[in-house]
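Here are my notes on the model, point by point. Please read them with the structure open.

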Amino acid sequence: MPHDGEEFTEPPSDPALRVKALESLLVEKGLVDLEALDVLIDTYEHKVGPRNGARVVARAWVDQEFKLSIQKDCSAAVKKVFGFQGRQGEHIVAVENTSKIHNVVVCTLCSCYPWTVLGLPPVWYKSAPYRARLVQDPRGVLAEFGTCIPEEKDIRVWDSTSEVRYLVIPERPIGTEGWTEEKLSMLVTRNAMIGVEFAKEASS
Ligand code: FE
């Protein structure tokens, strides 16, 4: 941590340096094209991103039939209704928060994540402490995110794998009756779809 009144720049992290080195090597060997790489990163950072997931959640909140279809086969329903499909999004399972159950997602082995609906994973999702501690003490880790889960609510931790990715459907905030899907989707954050936060409140 920087001391008071003192600022300095940290060197890039070891993984960042390794990625850079790998990237240079792949480009040098002609195995990847830098422009293509930039397009791919831009797509997952800015175009698909978590707004896709937010639209899925908002639709599930207003359309019971759609909600049932994503509970049955999320990847297929999302592809059919929104056309979202692609890398790492083939086997998405939707898990719904209720008044009794709170769902939260982790990948204990690495960083498996539903790119198709959430874009690129946040840095903390890939961190060793999150991956190790969420499983041991979900209530404590969620509290650190400012999310206090009442004792009477069960917490289910879902461990992503290369085969299965999870999308949390947060509870619909109170006071949003009659809202349009578009307006509802603005309450759905990336973190709410990972399960470390609730959807935003209607007044926010
Ligand atoms: Fe993983």
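Is C112 buried or exposed?

1. C112 counts as buried, because its relative accessibility is 8%. Buried means under 20% relative accessible area, exposed over 50% and partly exposed in between, with a 1.4 Å probe and protein chains only. C107 is buried as well as C112. C110 counts as partly exposed, because its relative accessibility is 37%.

2. On the basis of the model: this is a predicted model, in which local features need pLDDT of at least 70, side-chain atom pairs count only at pLDDT 80 or more, and totals for chains, interfaces and linings use all residues. Residues are numbered from 1 along each chain as its sequence is written, and side-chain values use heavy atoms, with hydrogens and water left out.

3. The iron ion is coordinated by C107 (SG), C110 (SG), C112 (N) and C112 (SG), at 2.2 to 2.5 Å. Donors are N, O and S atoms within 2.8 Å of the metal (3.2 Å for Na, K and Ca); water is not among the atoms, so sites may look incomplete. The donor residues follow the spacing C-x2-C-x1-C in sequence.

4. Why is the arrangement around the iron ion irregular? The four donor atoms subtend angles of 80 to 135°. Four donors count as tetrahedral if all angles lie between 85 and 135 degrees; four count as square planar and six as octahedral if opposite donors are over 155 degrees apart and all others between 65 and 115; anything else is irregular.

5. The structure holds zero disulfides. A disulfide is a pair of cysteine sulfur atoms within 2.5 Å.

6. V123 sits in the loop between α4 (115-118) and α5 (128-136). V123 is exposed, because its relative accessible area is 69%. From V123 to S111 the C-alpha distance is 9.6 Å, with the two 12 residues apart in sequence.

7. The protein has eight helices and four strands. Helices (H or I, at least four residues) and strands (E, at least two) are DSSP runs, numbered from the N terminus. The order from the N terminus is α-α-α-β-β-α-α-α-β-β-α-α. Of the 204 residues of the protein, 36% count as buried.
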